[in-house]
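Thanks for making time. I will take you through one model, and you can follow along on the screen.

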Amino acid sequence: MINFDELVNEKQRTVSPKIFRDREIYEAEQERIFGHCWLFLGHESQIPNPLDFTTTYMGEEPIIVWRGRDNTIRAFINSCRHRGMRVCRLEEGNARTFTCGYHGWTYDVRGRLIGRPYQNKYDGAEFNPDQWGLLEVARVESYAGLIFGCFDREACTLEEYLGEVKWYLDTQVKRTPRGLTVFPGIQKWTVQANWKLGAEQFSGDNYHALITHKSVVPLGFLGKAEEFANKVEPFVRDFQTRTAQGHGWLNLTDVAPPGAPKAFTEYENKVKEDSAAWLSPNQSYLTDSGVVATIFPNFSILKFLGSFALRVWQPKGPDRLELWLYVVTDSEAPEWRAEIAREMQIRCFSTSGAFDVDDSEMWQACQESMGGFYRRKFPLNYSLSAGLSRPDPERPGAIDVSPSEDSIFGFYSRWRRTMSNGNGGDKK
(Lines give C-alpha, C1' and ligand atoms only; values in the text may rest on other atoms or scores of the structure.)
Protein backbone atom coordinates (compact mmCIF):
# COMPACT_ATOMS: atom_id res chain seq x y z
CA MET A 1 0.00 0.00 0.00
CA ILE A 2 1.32 3.45 -0.93
CA ASN A 3 2.20 5.80 1.93
CA PHE A 4 1.36 9.17 0.38
CA ASP A 5 2.70 11.07 3.39
CA GLU A 6 6.20 9.84 2.58
CA LEU A 7 6.08 11.13 -1.00
CA VAL A 8 5.89 14.79 0.05
CA ASN A 9 8.21 15.78 2.91
CA GLU A 10 6.79 18.85 4.63
CA LYS A 11 9.89 19.51 6.75
CA GLN A 12 12.47 19.18 3.98
CA ARG A 13 10.11 20.56 1.32
CA THR A 14 10.83 17.76 -1.11
CA VAL A 15 8.68 15.75 -3.51
CA SER A 16 9.32 12.23 -4.79
CA PRO A 17 9.65 11.82 -8.58
CA LYS A 18 7.42 8.77 -8.19
CA ILE A 19 4.31 10.95 -8.11
CA PHE A 20 4.96 11.93 -11.75
CA ARG A 21 5.69 8.44 -13.08
CA ASP A 22 3.90 5.78 -11.06
CA ARG A 23 0.75 4.28 -12.61
CA GLU A 24 -0.68 3.22 -9.24
CA ILE A 25 -0.34 6.75 -7.87
CA TYR A 26 -1.97 8.17 -10.99
CA GLU A 27 -4.94 5.81 -10.65
CA ALA A 28 -5.31 6.76 -6.98
CA GLU A 29 -5.40 10.44 -8.00
CA GLN A 30 -8.41 9.78 -10.21
CA GLU A 31 -10.48 8.74 -7.21
CA ARG A 32 -8.96 10.74 -4.35
CA ILE A 33 -8.39 14.06 -6.14
CA PHE A 34 -10.56 14.15 -9.26
CA GLY A 35 -13.31 12.21 -7.51
CA HIS A 36 -13.66 14.69 -4.63
CA CYS A 37 -12.29 18.14 -5.59
CA TRP A 38 -14.18 20.90 -7.37
CA LEU A 39 -13.12 20.81 -11.05
CA PHE A 40 -13.51 23.45 -13.76
CA LEU A 41 -16.12 22.50 -16.39
CA GLY A 42 -16.35 25.59 -18.55
CA HIS A 43 -17.73 29.11 -18.62
CA GLU A 44 -21.37 30.15 -18.73
CA SER A 45 -20.75 32.22 -21.87
CA GLN A 46 -20.13 28.94 -23.73
CA ILE A 47 -23.70 27.80 -23.07
CA PRO A 48 -25.77 31.01 -22.92
CA ASN A 49 -29.09 29.56 -24.13
CA PRO A 50 -31.40 26.77 -22.92
CA LEU A 51 -30.35 23.35 -24.33
CA ASP A 52 -26.81 24.59 -25.13
CA PHE A 53 -24.09 22.09 -24.18
CA THR A 54 -20.33 21.73 -24.11
CA THR A 55 -18.18 18.70 -23.36
CA THR A 56 -15.13 18.32 -21.14
CA TYR A 57 -13.53 15.96 -18.60
CA MET A 58 -13.40 15.53 -14.85
CA GLY A 59 -10.18 13.58 -14.52
CA GLU A 60 -10.66 10.79 -17.05
CA GLU A 61 -14.47 10.94 -16.91
CA PRO A 62 -15.96 12.44 -20.12
CA ILE A 63 -18.57 15.04 -19.21
CA ILE A 64 -21.52 16.80 -20.86
CA VAL A 65 -22.31 20.24 -19.42
CA TRP A 66 -25.90 21.01 -20.43
CA ARG A 67 -28.11 24.02 -19.75
CA GLY A 68 -31.70 22.97 -19.12
CA ARG A 69 -34.92 24.58 -20.27
CA ASP A 70 -35.13 26.07 -16.77
CA ASN A 71 -31.60 27.54 -17.23
CA THR A 72 -30.21 25.17 -14.61
CA ILE A 73 -26.76 23.90 -15.58
CA ARG A 74 -26.30 20.18 -15.06
CA ALA A 75 -23.40 17.86 -15.83
CA PHE A 76 -23.51 14.18 -16.79
CA ILE A 77 -20.94 11.50 -17.52
CA ASN A 78 -20.88 11.20 -21.30
CA SER A 79 -21.45 7.45 -21.34
CA CYS A 80 -24.54 5.45 -22.24
CA ARG A 81 -25.85 3.28 -19.42
CA HIS A 82 -26.34 0.36 -21.84
CA ARG A 83 -22.84 -0.40 -23.17
CA GLY A 84 -20.87 2.68 -22.16
CA MET A 85 -20.73 4.38 -25.57
CA ARG A 86 -20.40 8.19 -25.65
CA VAL A 87 -23.84 9.62 -26.23
CA CYS A 88 -22.48 12.99 -27.37
CA ARG A 89 -19.63 13.07 -29.87
CA LEU A 90 -19.59 16.83 -30.46
CA GLU A 91 -17.61 19.42 -28.51
CA GLU A 92 -20.50 21.89 -28.26
CA GLY A 93 -23.93 22.66 -29.63
CA ASN A 94 -27.63 22.80 -28.80
CA ALA A 95 -29.73 19.65 -28.32
CA ARG A 96 -33.04 18.57 -26.81
CA THR A 97 -31.88 14.96 -26.45
CA PHE A 98 -28.88 12.72 -27.01
CA THR A 99 -29.25 9.34 -28.68
CA CYS A 100 -26.51 6.75 -28.35
CA GLY A 101 -25.13 5.82 -31.77
CA TYR A 102 -24.60 2.20 -30.76
CA HIS A 103 -28.03 0.87 -29.71
CA GLY A 104 -30.22 3.96 -29.77
CA TRP A 105 -30.88 4.68 -26.08
CA THR A 106 -32.10 8.30 -25.82
CA TYR A 107 -31.72 10.76 -22.93
CA ASP A 108 -33.31 14.15 -22.27
CA VAL A 109 -31.77 17.35 -20.88
CA ARG A 110 -32.31 16.13 -17.31
CA GLY A 111 -30.41 12.95 -18.10
CA ARG A 112 -33.51 10.76 -18.02
CA LEU A 113 -33.77 7.69 -20.25
CA ILE A 114 -36.79 8.49 -22.44
CA GLY A 115 -36.50 5.98 -25.27
CA ARG A 116 -34.90 2.72 -26.39
CA PRO A 117 -35.54 0.38 -29.32
CA TYR A 118 -37.66 -2.76 -28.67
CA GLN A 119 -39.01 -1.39 -25.40
CA ASN A 120 -41.64 -4.15 -25.22
CA LYS A 121 -38.92 -6.78 -24.95
CA TYR A 122 -37.70 -5.32 -21.64
CA ASP A 123 -41.05 -5.86 -19.90
CA GLY A 124 -40.25 -9.34 -18.64
CA ALA A 125 -37.05 -8.09 -17.02
CA GLU A 126 -38.99 -5.62 -14.82
CA PHE A 127 -36.99 -2.82 -16.43
CA ASN A 128 -37.35 0.58 -14.70
CA PRO A 129 -36.13 3.39 -17.00
CA ASP A 130 -35.90 5.77 -14.02
CA GLN A 131 -32.93 3.76 -12.79
CA TRP A 132 -31.02 3.95 -16.07
CA GLY A 133 -30.58 7.65 -16.75
CA LEU A 134 -27.21 9.29 -17.41
CA LEU A 135 -24.96 9.42 -14.37
CA GLU A 136 -25.20 12.96 -13.04
CA VAL A 137 -22.37 14.93 -11.44
CA ALA A 138 -23.49 15.40 -7.84
CA ARG A 139 -22.66 19.10 -7.49
CA VAL A 140 -22.52 21.86 -10.10
CA GLU A 141 -21.97 25.48 -9.06
CA SER A 142 -20.79 28.66 -10.76
CA TYR A 143 -18.65 31.52 -9.54
CA ALA A 144 -18.62 34.72 -11.64
CA GLY A 145 -19.48 32.64 -14.72
CA LEU A 146 -16.88 29.91 -14.03
CA ILE A 147 -18.65 26.53 -13.87
CA PHE A 148 -17.28 23.85 -11.54
CA GLY A 149 -18.44 20.33 -10.78
CA CYS A 150 -17.79 17.90 -7.95
CA PHE A 151 -18.64 14.19 -7.67
CA ASP A 152 -18.67 14.37 -3.85
CA ARG A 153 -22.11 15.22 -2.45
CA GLU A 154 -20.56 15.90 0.97
CA ALA A 155 -18.00 18.40 -0.28
CA CYS A 156 -18.04 22.01 0.91
CA THR A 157 -19.53 24.70 -1.31
CA LEU A 158 -17.55 26.02 -4.27
CA GLU A 159 -16.97 29.37 -2.56
CA GLU A 160 -15.65 27.62 0.54
CA TYR A 161 -13.39 25.51 -1.67
CA LEU A 162 -11.97 28.60 -3.39
CA GLY A 163 -11.28 30.06 0.02
CA GLU A 164 -8.54 32.69 0.16
CA VAL A 165 -7.92 32.73 -3.59
CA LYS A 166 -11.40 34.15 -4.15
CA TRP A 167 -10.17 37.61 -3.08
CA TYR A 168 -7.54 37.55 -5.83
CA LEU A 169 -9.78 35.87 -8.38
CA ASP A 170 -12.25 38.73 -8.05
CA THR A 171 -9.62 41.19 -9.29
CA GLN A 172 -9.84 39.52 -12.70
CA VAL A 173 -13.19 37.78 -13.12
CA LYS A 174 -15.12 40.68 -11.55
CA ARG A 175 -13.08 43.57 -12.89
CA THR A 176 -15.95 44.61 -15.17
CA PRO A 177 -19.70 44.48 -14.40
CA ARG A 178 -20.48 41.60 -16.78
CA GLY A 179 -17.31 39.63 -16.19
CA LEU A 180 -15.61 37.47 -18.78
CA THR A 181 -16.64 35.93 -22.07
CA VAL A 182 -14.95 33.02 -23.84
CA PHE A 183 -13.95 33.22 -27.50
CA PRO A 184 -15.39 30.41 -29.68
CA GLY A 185 -13.29 27.25 -29.78
CA ILE A 186 -10.90 25.66 -27.32
CA GLN A 187 -7.23 25.19 -28.17
CA LYS A 188 -6.12 21.66 -27.25
CA TRP A 189 -2.75 20.00 -27.50
CA THR A 190 -0.90 17.07 -25.98
CA VAL A 191 2.26 17.24 -23.90
CA GLN A 192 4.17 14.10 -22.94
CA ALA A 193 4.29 15.01 -19.26
CA ASN A 194 2.39 14.51 -16.03
CA TRP A 195 -0.50 16.94 -15.45
CA LYS A 196 1.03 18.21 -12.19
CA LEU A 197 4.10 19.67 -13.92
CA GLY A 198 1.96 22.30 -15.62
CA ALA A 199 -0.31 22.87 -12.64
CA GLU A 200 2.62 23.36 -10.26
CA GLN A 201 4.35 25.90 -12.50
CA PHE A 202 1.21 27.98 -12.70
CA SER A 203 0.92 27.87 -8.90
CA GLY A 204 3.66 30.50 -8.75
CA ASP A 205 6.89 29.48 -10.49
CA ASN A 206 8.48 32.72 -11.63
CA TYR A 207 11.92 31.24 -10.88
CA HIS A 208 12.14 29.79 -14.39
CA ALA A 209 10.96 32.87 -16.31
CA LEU A 210 14.20 34.68 -17.15
CA ILE A 211 15.97 31.39 -17.85
CA THR A 212 13.46 29.34 -19.80
CA HIS A 213 11.96 32.40 -21.50
CA LYS A 214 15.18 34.36 -21.91
CA SER A 215 14.51 34.78 -25.64
CA VAL A 216 11.36 36.88 -25.14
CA VAL A 217 13.41 39.92 -24.09
CA PRO A 218 15.38 40.33 -27.35
CA LEU A 219 12.17 39.52 -29.23
CA GLY A 220 10.74 42.69 -27.74
CA PHE A 221 7.75 41.27 -25.88
CA LEU A 222 8.63 43.11 -22.65
CA GLY A 223 9.89 46.34 -24.22
CA LYS A 224 13.11 47.73 -22.82
CA ALA A 225 14.35 45.61 -19.93
CA GLU A 226 15.33 48.58 -17.76
CA GLU A 227 11.94 50.24 -18.22
CA PHE A 228 10.18 47.01 -17.27
CA ALA A 229 12.37 46.64 -14.16
CA ASN A 230 11.46 50.17 -13.02
CA LYS A 231 7.76 49.23 -12.97
CA VAL A 232 8.17 46.33 -10.55
CA GLU A 233 6.44 46.84 -7.17
CA PRO A 234 7.55 44.10 -4.72
CA PHE A 235 4.84 43.01 -2.24
CA VAL A 236 2.44 45.56 -3.80
CA ARG A 237 1.78 44.41 -7.35
CA ASP A 238 4.58 41.84 -7.72
CA PHE A 239 4.10 39.00 -5.26
CA GLN A 240 2.90 35.45 -4.91
CA THR A 241 0.38 34.02 -2.50
CA ARG A 242 0.16 30.60 -0.89
CA THR A 243 -3.35 29.83 0.31
CA ALA A 244 -4.49 27.39 2.98
CA GLN A 245 -6.50 25.53 0.34
CA GLY A 246 -3.46 24.76 -1.86
CA HIS A 247 -4.30 27.31 -4.54
CA GLY A 248 -1.41 29.48 -5.72
CA TRP A 249 -1.49 33.02 -7.12
CA LEU A 250 1.38 34.88 -8.80
CA ASN A 251 0.72 38.59 -9.37
CA LEU A 252 2.90 40.55 -11.79
CA THR A 253 3.39 44.03 -13.16
CA ASP A 254 2.00 43.78 -16.66
CA VAL A 255 3.09 45.79 -19.67
CA ALA A 256 1.28 46.79 -22.82
CA PRO A 257 1.89 44.30 -25.65
CA PRO A 258 4.21 45.34 -28.49
CA GLY A 259 2.55 47.83 -30.83
CA ALA A 260 -0.46 48.40 -28.58
CA PRO A 261 -2.32 51.66 -29.25
CA LYS A 262 -2.54 54.43 -26.66
CA ALA A 263 -6.15 53.36 -26.12
CA PHE A 264 -4.91 50.10 -24.54
CA THR A 265 -3.58 51.84 -21.42
CA GLU A 266 -6.57 54.17 -21.36
CA TYR A 267 -8.92 51.19 -21.40
CA GLU A 268 -7.09 49.45 -18.54
CA ASN A 269 -7.06 52.65 -16.48
CA LYS A 270 -10.79 53.05 -17.01
CA VAL A 271 -11.43 49.46 -15.88
CA LYS A 272 -9.38 50.10 -12.75
CA GLU A 273 -11.20 53.35 -12.01
CA ASP A 274 -14.68 51.89 -12.53
CA SER A 275 -14.00 48.68 -10.57
CA ALA A 276 -13.44 50.71 -7.40
CA ALA A 277 -17.23 50.93 -7.17
CA TRP A 278 -17.57 47.19 -6.35
CA LEU A 279 -14.07 46.00 -5.44
CA SER A 280 -11.96 47.07 -2.50
CA PRO A 281 -9.22 49.67 -3.18
CA ASN A 282 -6.54 46.99 -2.92
CA GLN A 283 -8.40 44.77 -5.36
CA SER A 284 -9.13 47.45 -7.95
CA TYR A 285 -5.45 48.44 -7.93
CA LEU A 286 -4.61 44.92 -9.17
CA THR A 287 -7.12 44.70 -12.03
CA ASP A 288 -4.50 45.56 -14.67
CA SER A 289 -1.91 43.15 -13.25
CA GLY A 290 -0.48 40.09 -14.91
CA VAL A 291 -1.58 36.82 -13.31
CA VAL A 292 -0.37 33.23 -13.25
CA ALA A 293 -2.44 31.05 -10.91
CA THR A 294 -3.64 27.52 -10.21
CA ILE A 295 -6.81 26.55 -8.40
CA PHE A 296 -6.12 23.06 -7.10
CA PRO A 297 -5.98 20.64 -8.72
CA ASN A 298 -5.86 21.42 -12.45
CA PHE A 299 -7.46 24.76 -13.32
CA SER A 300 -5.17 27.69 -14.12
CA ILE A 301 -5.37 31.33 -15.15
CA LEU A 302 -2.85 33.23 -17.28
CA LYS A 303 -3.15 36.96 -17.95
CA PHE A 304 -0.16 38.79 -19.41
CA LEU A 305 0.82 41.07 -22.30
CA GLY A 306 -2.78 41.91 -23.14
CA SER A 307 -3.90 38.28 -23.31
CA PHE A 308 -6.14 36.41 -20.88
CA ALA A 309 -6.80 32.67 -20.84
CA LEU A 310 -8.17 29.87 -18.70
CA ARG A 311 -6.34 26.53 -18.74
CA VAL A 312 -7.14 22.98 -17.74
CA TRP A 313 -4.44 20.34 -17.33
CA GLN A 314 -6.41 17.26 -18.38
CA PRO A 315 -4.76 14.04 -17.11
CA LYS A 316 -4.38 11.37 -19.79
CA GLY A 317 -2.02 9.00 -17.99
CA PRO A 318 1.04 9.38 -15.76
CA ASP A 319 3.15 10.45 -18.75
CA ARG A 320 0.64 12.50 -20.75
CA LEU A 321 -1.52 15.56 -20.34
CA GLU A 322 -3.89 17.35 -22.67
CA LEU A 323 -3.71 21.13 -22.30
CA TRP A 324 -7.02 22.91 -22.89
CA LEU A 325 -6.86 26.67 -23.39
CA TYR A 326 -9.88 28.99 -23.31
CA VAL A 327 -9.13 32.51 -24.57
CA VAL A 328 -11.24 35.10 -22.73
CA THR A 329 -11.80 38.83 -22.61
CA ASP A 330 -13.96 41.30 -20.72
CA SER A 331 -17.57 41.04 -21.88
CA GLU A 332 -17.61 44.82 -22.30
CA ALA A 333 -14.31 44.98 -24.21
CA PRO A 334 -14.44 46.82 -27.55
CA GLU A 335 -13.58 44.75 -30.62
CA TRP A 336 -10.06 46.17 -30.95
CA ARG A 337 -9.28 45.23 -27.34
CA ALA A 338 -10.66 41.74 -27.80
CA GLU A 339 -8.57 41.33 -30.94
CA ILE A 340 -5.39 42.22 -29.02
CA ALA A 341 -6.24 39.50 -26.49
CA ARG A 342 -6.73 36.98 -29.29
CA GLU A 343 -3.57 37.96 -31.18
CA MET A 344 -1.27 37.98 -28.15
CA GLN A 345 -2.61 34.61 -27.04
CA ILE A 346 -1.65 33.13 -30.39
CA ARG A 347 1.78 34.78 -30.44
CA CYS A 348 2.74 34.04 -26.84
CA PHE A 349 0.61 31.38 -25.15
CA SER A 350 -0.58 28.63 -27.49
CA THR A 351 0.74 25.63 -29.40
CA SER A 352 3.01 27.92 -31.41
CA GLY A 353 3.41 30.67 -28.79
CA ALA A 354 6.87 31.78 -27.69
CA PHE A 355 6.24 30.96 -24.02
CA ASP A 356 4.34 27.67 -24.35
CA VAL A 357 6.86 26.17 -26.76
CA ASP A 358 9.53 26.76 -24.11
CA ASP A 359 7.45 25.38 -21.25
CA SER A 360 6.31 22.24 -23.08
CA GLU A 361 9.92 21.37 -23.82
CA MET A 362 10.83 21.72 -20.14
CA TRP A 363 7.92 19.60 -18.88
CA GLN A 364 8.59 16.80 -21.37
CA ALA A 365 12.30 16.76 -20.57
CA CYS A 366 11.56 16.63 -16.83
CA GLN A 367 9.14 13.77 -17.34
CA GLU A 368 11.55 11.74 -19.43
CA SER A 369 14.57 12.23 -17.18
CA MET A 370 12.69 11.02 -14.08
CA GLY A 371 11.84 7.67 -15.65
CA GLY A 372 14.75 5.60 -14.38
CA PHE A 373 14.50 3.47 -11.23
CA TYR A 374 17.61 5.07 -9.73
CA ARG A 375 16.58 8.70 -10.29
CA ARG A 376 13.24 8.04 -8.65
CA LYS A 377 14.99 7.20 -5.38
CA PHE A 378 16.06 10.81 -4.91
CA PRO A 379 13.61 13.66 -4.19
CA LEU A 380 13.02 16.97 -5.95
CA ASN A 381 13.75 20.21 -4.08
CA TYR A 382 11.12 22.93 -3.47
CA SER A 383 12.87 24.89 -0.69
CA LEU A 384 13.53 28.24 -2.40
CA SER A 385 12.47 31.04 0.00
CA ALA A 386 11.19 28.54 2.57
CA GLY A 387 9.77 30.32 5.59
CA LEU A 388 9.88 33.80 4.07
CA SER A 389 6.20 34.20 3.23
CA ARG A 390 4.32 36.51 5.56
CA PRO A 391 0.73 37.48 6.30
CA ASP A 392 -0.67 40.74 4.97
CA PRO A 393 -3.38 42.65 6.86
CA GLU A 394 -5.02 43.73 3.59
CA ARG A 395 -4.82 40.49 1.61
CA PRO A 396 -5.48 36.83 2.48
CA GLY A 397 -2.92 34.02 2.40
CA ALA A 398 0.85 34.07 2.90
CA ILE A 399 2.66 36.62 0.70
CA ASP A 400 6.18 36.47 -0.71
CA VAL A 401 8.02 38.06 -3.63
CA SER A 402 9.45 36.21 -6.61
CA PRO A 403 11.35 34.05 -6.94
CA SER A 404 9.84 31.76 -4.35
CA GLU A 405 8.61 28.17 -4.30
CA ASP A 406 6.31 28.58 -1.32
CA SER A 407 3.04 28.63 -3.25
CA ILE A 408 4.24 25.76 -5.45
CA PHE A 409 5.01 23.64 -2.42
CA GLY A 410 1.59 24.63 -1.10
CA PHE A 411 0.17 22.80 -4.12
CA TYR A 412 1.99 19.62 -3.02
CA SER A 413 1.02 20.05 0.61
CA ARG A 414 -2.59 20.01 -0.57
CA TRP A 415 -1.85 17.03 -2.83
CA ARG A 416 -0.37 15.13 0.14
CA ARG A 417 -3.31 15.92 2.40
CA THR A 418 -5.87 14.99 -0.24
CA MET A 419 -4.17 11.76 -1.27
CA SER A 420 -3.73 10.71 2.37
CA ASN A 421 -7.28 11.28 3.58
CA GLY A 422 -9.27 11.23 0.32
CA ASN A 423 -11.09 14.41 1.36
CA GLY A 424 -10.39 16.48 -1.76
CA GLY A 425 -13.62 18.41 -1.50
CA ASP A 426 -13.10 19.47 2.14
CA LYS A 427 -16.22 18.01 3.73
CA LYS A 428 -18.98 20.26 5.05
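Before anything else, one cut-off: a residue is called buried if its relative accessible area is under 20%, exposed if over 50%, and partly exposed in between. And please keep in mind that this is a predicted model.

With that cut-off, take Phe98. Its relative accessibility is 7%, so Phe98 counts as buried. Phe53 is buried as well, with a relative accessible area of 2%. These residues bring me to the aromatic rings. Over the whole structure, a search finds 27 aromatic pairs. Phe53 and Phe98 make up one of them, an edge-to-face pair with 5.0 Å from centre to centre and 80° between the planes. Distant parts of the chain are linked by this pair: Phe53 belongs to strand β4, residues 52-58, while Phe98 belongs to strand β8, residues 97-99, and they are 45 residues apart.

Here is another pair from that search. Tyr267 and Trp336 are also edge-to-face, at 6.3 Å centre to centre and with 80° between the planes. This pair, too, links distant parts of the chain, with Tyr267 in helix α8, residues 262-275, and Trp336 in helix α10, residues 335-348, 69 residues apart. Buried or partly exposed: what is Trp336? At 34% relative accessibility, Trp336 is partly exposed, whereas Tyr267 is buried, at 14%.

Ring pairs also build a cluster, joining Phe20, Phe34, Trp195, Phe296, Tyr382, Phe409, Phe411 and Tyr412. Some rings have a lysine over the face. Lys188 lies over Trp324, 3.7 Å from the ring centre, and Lys121 lies over Tyr118, 6.0 Å from the ring centre.

Now to a sheet. It is open, has three strands in the order β3-β12-β11, and its pairing is antiparallel. On average, neighbouring strands here are turned by 30° against each other, ignoring direction.

Leu39 is opposite Gly149 in β12, and Gly42 is opposite Ile147 in β12.

Next, Tyr326, which lies in strand β20, residues 321-330. Its relative accessibility is 1%, so Tyr326 counts as buried. Leaving out residues up to four places away in sequence, Tyr326 touches a list of residues that includes Phe40 and Leu41, along with Val182, Ile186 and Phe308. Pro218, by contrast, is 28 Å from Tyr326, C-alpha to C-alpha, and 108 residues away in sequence.

Last, a helix. How many residues does α11 have? Helix α11, residues 354-369, has 16 residues, and from first C-alpha to last it reaches 23 Å, close to the 22 Å expected at 1.5 Å a residue. Its buried residues are Ala354, Phe355, Asp356, Asp358, Asp359, Ser360, Trp363 and Gln367.

That is the end of my list.

Terms used: Residues numbered from 1 in each chain as written. Predicted model: local features only at pLDDT ≥ 70, side-chain atom pairs only at ≥ 80, totals over all residues. Heavy atoms only, no water. Pairing = 2+ DSSP bridges. Helix = DSSP H or I, 4+ residues; strand = E, 2+ residues; numbered from the N terminus. Axes fitted to C-alpha atoms, helices over the stretch in contact; angles between N-to-C directions. Phe/Tyr/Trp six-rings, centres within 6.5 Å; stacked < 30°, edge-to-face > 60°. Buried < 20%, exposed > 50% of the residue type's maximum accessible area, 1.4 Å probe, protein only. Lys NZ or Arg CZ within 6 Å of the ring centre and 35° of its normal. Expected span 1.5 Å × (residues − 1). Contact = heavy atoms within 4.5 Å.
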